[in-house]
Amino acid sequence: MSDAALAPEVKELGDKIAHLTIIQAVALKEYLKQEYKIEPAAGGGGVVMQAGPAVEPEKKAESTEFNVILEAGFDAAKKIGIIKVVREITGQGLAEAKATVEGAPKPLKESVDKATAEKIKKSLEDAGAKVAIKGV
């Protein structure tokens, strides 16, 4: 359809929609859904919106829970010491702790506070393990 066949109001509305920021487009979607029960069609078709210069990325809330992950790649000579620390931390038996260490990377503790995660990490690193702490 050519620009000449479009009513000026339609062209003006289309231009305004095309220049919406992501935040404005989401707000428009929610408004149309609530007020007029209009939802976007399913599928791959859709309008791609450009983020305007005023859009700032939202800051992700800092995690309060962390997972302690035993990473692979430790010195084989330190394996026994690492197994001992894993047993203390997890309460696993010898065979379970050995399997955990040999099967790294493996989560050792999940959803713990930062101080606990750091304490566990230090214990494992002191024994020769490689450890990662990941926010939940």
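Three strands form an open sheet, in the order β2-β1-β3, and they pair antiparallel. Now the edges. β2 (106-112) and β3 (130-135) each have a single partner strand, so one side of each has no neighbour in the sheet. From one strand to the next, the twist averages 20°. Keep in mind that this is a predicted model.

Strands pair through backbone hydrogen bonds, either parallel or antiparallel.

Next, one pairing in detail. Six bridges join β1 and β3 in the antiparallel sense. For example, L70 has V131 in β3 as its bridge partner. A helix packs on this sheet too. That is α5, residues 114-127, and it touches β1, β2 and β3. The direction of α5 makes about 165° with that of β3.

Now to N67. Where does N67 sit? In strand β1, which runs over residues 66-71. Is N67 buried or exposed? Its relative accessible area is 19%, and buried means under 20%, so N67 counts as buried. What does N67 touch, leaving out residues up to four places away in sequence? The list is K109, E110, S111, A132, I133, K134 and V136.

Last stop, K84. K84 is in helix α3, residues 79-90. Its relative accessibility is 52%, so K84 counts as exposed. K84 and A127 are 43 residues apart in sequence. In space, their C-alpha atoms are 8.8 Å apart. A127 also falls in the α5 range, 114-127.

How values were computed: Residues are numbered from 1 along each chain as its sequence is written. This is a predicted model: local features need pLDDT of at least 70, side-chain atom pairs count only at pLDDT 80 or more; totals for chains, interfaces and linings use all residues. Side-chain values use heavy atoms; hydrogens and water are left out. Helices (H or I, at least four residues) and strands (E, at least two) are DSSP runs, numbered from the N terminus. Buried means under 20% relative accessible area, exposed over 50%, partly exposed in between (1.4 Å probe, protein chains only). Contact means heavy atoms within 4.5 Å. Two strands pair if DSSP finds at least two bridges between them. Axes are lines fitted to C-alpha atoms, for helices over the stretch in contact, and angles run from 0 to 180 degrees between N-to-C directions.
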